[in-house]
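Reader: I have a structure on screen and some questions about it. Can we take them one at a time?

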Amino acid sequence: MRLGAAGSLSYRPALVLGAAVLLALIRLAVELELLPGWAYGLGALLLLGAALEATLRAFRLWLLPGLGLLLAGVGLGYSSFPAVLLVLAGVGALYLVWSPQMSEREQAAFWGWLLVWPSVGLLLVWQVIPSLYALWISFLDRFNFIGESRFVGLTNYEILLTRDLLFWKAIANTFWFVIVTVPLGIVLATLVAILLNEKVRLQGFFRTLYFLPYITALTAAAAVWDWIYNPEFGFLNWLLGTPGLDWLSTPQGIFALALAPLGIELRGFWAGPSVAFLAIMAMSLWHLLGYQIVVVLAGLQNIPKEYYEAAQLDGASWWQQQRYITWPLLSPTTFFLATLGLIGAFQVFTQVLILTPTGGVLQDTLTITLYLYNKGFRDSDFSYASAIAMVVFVVILVLTVIQQRVLERKVAYEA
Amino acid sequence: MRPDLRSTAARLLLYLVLSGGALAMAFPFYWMLATSLKSPQEAQQSQPVWIPERLKAANWKAAAQLGAQGGSALWGGYQAGRTVTLRIYTGEAGPPPQVRIPTAAGAFFDPRAEGSQIQTRFREGYWEIAVTNNSDQSFRLLPLVVLISKSYPTGLTRPPPAPVTEGSNPGSAYLR
C-alpha cells in the first residue's frame, strides 16, 4: 500500500545508497592517506542526513534495525576500515522495509544504481579521481611525492605555454606524426582491405600476414625495427645499399633535405619531420595497419552488394564502383579510424622511447608524451608533467570536437 | 556480387600488390623470429643471414651424429670408451692442427685430459681429429681447444666472435 504524497519516498533509497558507497570510498581514501580524516566526517554527515530525511518521511518501527546498522557502520568505520561496509548492510535493511511502499519504477532505479555502482566506483577510483588529482598536482610547485611543495597556481602552465621551447618542439613533432600517420594509415588500410575483399585465393593467409604485426608486442616490434635501422648491421642499409647511414640519428627535416638542392633553406617547423622521426612513423604505420585493415574489412562487409550489381548493370568500371560506392559508404568506418587514430597518434610513446630513448638528436623525435614522461619520471617534476598532460588533454579534446563537427558532416551513416 | 576483376592483367596486378604488401608486412616479423635464433656473430653481420645456422636441418643432423658418437644422439655426452670425430676442411695438408683438452687452473688431475687419447690425421681434403675416452668415467661435456696454423688460407674456420660492445647503439643499449 502506498502512502500519501507527503510521505512519498521517491528516489531517496537510491540517494542513500549512493551516499553509502561514497562514504565507503572516502573511508578507503582516508585509509590510504589520500584524504584528511575530516572528509570521512563530512561523508558520514551526508549519509546520515539523507537516511534520516528519508526515514522521517515515512517512519516505520522496522526501519530502526537498518538505521542502527547504519549508525554502527559509521561509528565503527572511524576506527577500522572494513566496518564501514556495515553501512551498505544498513542500506539493504532499510530497503527491505522501504520497498513495499515504492513504485516499480523507484525500485528499478534502486536496483539499477546497485548494479551500476561497482563499475562507477571503479571508474571513480581509477579514472576520474586520478585525473582530478593530476589537475590538482599541476597547480603545485615541483611536486614529486616525497618533498613538500607549495601551491603556485597557474605558474606551470605559464612556463609551459610561454617560455618552454622544448614543449613547442614536442607539439610540432607530434603534430607531424598525426598529419603523416593518420591519413596515410587510413588510405593504405582502405586500399589493402578493398583488395583483400576481392575474391582472391589464400585470402586467410594474406589477412593473417597483414594482421601479424599488430599482435606482436609494440616494445618487441620496436626493438626489431631498431635492429633493422642499425647503421652497421641493419637490414635496411643492406637493402638500400647505404652502409653506415644512421637512420635514427639523422635530425634533418625531410622537406629541408628535399629542397636543399634547389637552394631553398627551410628551418624549424617547416623543415618537416626528421628522417629519424619518419623511420619511427614507418614503424608505427606497419604496426597499426593490420588493425585498421580488419576494421575497414568489417566496414566493407556492411556495404550491401546490390549497389555493386546495380552499378555493374549501369556499366560502372571497377574504379568507379570503388570511388562512388565503396568510399562514401565506408565513411563511418574511416571516420571511426580517423578519430581513434588522432587520439592514438597524439599519445605515441612506446616506439619513440625504444627507438630513440633520448628523444633523438636535437630532440627531433621528442613527442609530447615522451616529454611528459621525461619531466615526470626523469626529472621528478610531476607538477610540470601533469600540466603537460592537462594541455595535451585539452588539445586532443578540441581537435576531436573539431573533427566531429567538420568531418562528421561528410559521413553517410545510413546506407 | 562483389565488383569483379575480369581481365587477367588486373588479377595479376592484384596478386602482385597483395604479395608485395604481405612481404613488407611479414618481413620484420620473420626477422624477429630469425634473429632470435641467431648467435651474436650471426646477428651482427652486414650481409643479412636469412636462415640462421641453428635452423638448418643439416646442422641438426650433424649435431645428432656427433652426439651419437659421444653417447646419445639426443643428449650427447662423452662416455667411457667412446670416440668423437671432428673434421676441419682445409683442402690441402699443411701443418697439423694442435689439439688439447684444457684443464682447470690449479687442478692437479683432470680425468678428461689424462684419460683421453687424441689422434689427428689428414684425409681427402680435411683434417680428422679423433678424441677417445680411455678412462672408465663418463662426462657430460668435453672442452676442446683446436689451434690451426695461419699458413692455411683464411676463411676456413668461423671468424672470431665480434666484440659485442654494449652501448654502441643507444637504442639497443637501453633495452639490454
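Reader: What distance separates the centres of domain 1 of chain A and domain 2 of chain A?

Author: This is a predicted model. Chain A is divided into domain 1, residues 5–137, and domain 2, residues 160–410. Taken over C-alpha atoms, their centres are separated by 47 Å.

Reader: What radius of gyration does chain A have, against that of a compact globule of 415 residues?

Author: Start with the box. Along the principal axes, the C-alpha atoms of chain A fill roughly 90 × 70 × 35 Å. A compact globule of 415 residues would come out near 22 Å, but the radius of gyration of chain A is 29 Å.

Reader: How many helices and strands does chain A have, and how many does chain B have?

Author: Chain A has 18 helices and zero strands. Chain B runs α-α-α-β-β-α-β-β-β-α from its N terminus. Counted up, chain B has five helices and five strands.

Reader: What percentage of residues is buried in chain A, and what percentage in chain B?

Author: A residue counts as buried with 20 or more other C-beta atoms within 10 Å of its own. In chain A, with 415 residues, the buried share is 34%. In chain B, with 176 residues, the buried share is 10%.

Reader: How are α2(A) and α3(A) oriented, roughly parallel or roughly antiparallel?

Author: Helix α2 of chain A spans residues 38–57, and helix α3 of chain A spans residues 63–79. Their axes come within 11 Å and cross at roughly 175°. Angles over 145 degrees count as roughly antiparallel. That makes α2(A) and α3(A) roughly antiparallel.

Reader: Which helix gives the largest share of the side of chain A that touches chain B?

Author: The contact takes 39 residues from chain A and 27 residues from chain B. Several helices of chain A each supply at least two residues of that side, including α7 (165–197), α8 (203–215), α9 (218–228) and α12 (275–301). By class, the chain A side has six charged, six polar and 27 nonpolar residues. The largest share, eight residues, comes from α9(A).

Reader: How many of the eleven residues of α9(A) are buried?

Author: The buried residues are A:A221, A:A222, A:A223, A:V224, A:W225, A:D226, A:W227 and A:I228. The rest of the structure largely encloses α9(A), because the buried count among its eleven residues is eight.

Reader: Does A:L209 count as buried or exposed?

Author: A:L209 sits in helix α8 of chain A. Its C-alpha atom is 8.5 Å from that of A:G290, 81 residues away along the chain. A:L209 has 21 C-beta neighbours inside 10 Å, so it counts as buried.

Reader: Which residues of chain B does A:L209 touch?

Author: Helix α8 of chain A, the place of A:L209, is among those that supply at least two residues of the side touching chain B. Leaving out residues up to four places away in sequence, A:L209 touches B:A22, B:M25 and B:A26.

Conventions: Residues are numbered from 1 along each chain as its sequence is written. Chains are lettered from A and ligands numbered from 1 in the order in which they are written. This is a predicted model: local features need pLDDT of at least 70, side-chain atom pairs count only at pLDDT 80 or more; totals for chains, interfaces and linings use all residues. Two residues are in contact if their C-beta atoms, placed from the backbone, lie within 7 Å. Helices (H or I, at least four residues) and strands (E, at least two) are DSSP runs, numbered from the N terminus. Ala, Val, Leu, Ile, Met, Phe, Trp, Tyr, Cys and Pro count as nonpolar, Asp, Glu, Lys and Arg as charged, and the others, Gly among them, as polar. A residue is buried if 20 or more other C-beta atoms lie within 10 Å of its own, exposed if 12 or fewer, and partly exposed in between; C-beta atoms are placed from the backbone. The radius of gyration is taken over C-alpha atoms; the globule rule is 2.2 Å times the number of residues to the power 0.38. Axes are lines fitted to C-alpha atoms, for helices over the stretch in contact, and angles run from 0 to 180 degrees between N-to-C directions. Angles under 35 degrees count as roughly parallel, over 145 as roughly antiparallel, 65 to 115 as roughly perpendicular and the rest as oblique. Domain bounds come from an automatic or database domain assignment.
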